[in-house]
Amino acid sequence: MIEPPPKPWYLKLPAKLGATVFFLVALTTLIGNLLELDAKRRERAEQLAPVATIAVPAPADPDGTPAAPPAARRLALQLERIVVLGDGTVGTTDWRFAVEAGGEPLFVLQQDALDDTAGRNVALPAGARTTLRVAPAGSLVTVKAWRGSRLRLPSAEPDASGQGRLALDGAIAPLEVVAIDPAGGHFILHFSATAAD
């Protein structure tokens, strides 16, 4: 009598254990694909970040000749309010905003329970103030924002970002901070700047 060949080890496992192994492999592959898609989305968000600029005319002497270039100036920058156009989730969402000027960090602000519901969509941050030196050409202000979630892994790349230019006289347009998909986070930050000399 001829004996059948031995079965492979994985055919000897109980069906539930085999299904569990298969599920874990599929789940690991799915998580890897989601993380890769998220990294690509963040790269694209940085490339497409909106830049708000204000044209500042060059000053001239009374006789019409161009004036000497101005010197750098110290300004006190204050975040006055955050208008929430989209908080990124259903209900309220916690967000963290990092503000930089000229590549140097200025401050980080945690805003809990932001809501895009009409009548609740304006946040007034407390203590979001710093002093910086502004070059004659102005300073590029960058805001990066991360959405808070217990279900997501922390990431170095922001969920939303935006840029604007702070002029030497303290003028700065409202700064738009937006994700690639605006439904994932869309804010307008209003700054004010006064002389700190």
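## Strand pairing, salt bridges and a nonpolar patch

Strands β3 and β7 run antiparallel and are joined by seven bridges. This is a predicted model: local features need pLDDT of at least 70, side-chain atom pairs count only at pLDDT 80 or more, and totals for chains, interfaces and linings use all residues. Residues are numbered from 1 along each chain as its sequence is written, and side-chain values use heavy atoms, with hydrogens and water left out.

Strands here are DSSP runs of E with at least two residues, helices are runs of H or I with at least four, and both are numbered from the N terminus. Two strands pair if DSSP finds at least two bridges between them. Val 99 has Val 143 in β7 as its bridge partner.

β3 (residues 93–101) also pairs with β4 (residues 104–114). These two strands run antiparallel, with eight bridges. Ala 98 stands opposite Val 108 in β4. Two residues separate β3 and β4 in a hairpin. Gly 102 sits in the turn and has a positive phi of about 60 degrees.

How many salt bridges does the structure hold? There are two. A salt bridge is a side-chain nitrogen of Lys or Arg within 4 Å of a carboxyl oxygen of Asp or Glu.

| Lys 144 | Glu 100 | 3.8 Å |

Lys 144 and Glu 100 meet through their side chains. That pair links distant parts of the chain, with Lys 144 in strand β7 and Glu 100 in strand β3, 44 residues apart.

Lys 144 is partly exposed at 26%. Arg 120 is exposed at 60%, whereas Asp 115 is buried at 9%.

Ser 139 also belongs to β7. Its relative accessibility is 9%, so Ser 139 counts as buried. Leaving out residues up to four places away in sequence, Ser 139 touches Ala 101, Leu 132, Arg 133, Val 134, Gly 164, Arg 165 and Leu 166. Contact means heavy atoms within 4.5 Å.

On the surface, a nonpolar patch has about 880 Å² of accessible area together. Its members include Phe 23, Leu 24, Ile 31 and Leu 153. Patch residues have over 30% relative accessible area and no salt bridge; like charges are joined within 9 Å, nonpolar side chains (Val, Leu, Ile, Met, Phe, Trp, Tyr) within 5 Å. Areas come from the Shrake-Rupley method with a 1.4 Å probe, and for residues only the protein chains shown count as cover. Leu 153 lies in the loop between β7 (139–147) and β8 (160–166). Leu 153 is exposed, at 58% relative accessible area.

Terms used: Buried < 20%, exposed > 50% of the residue type's maximum accessible area, 1.4 Å probe, protein only.
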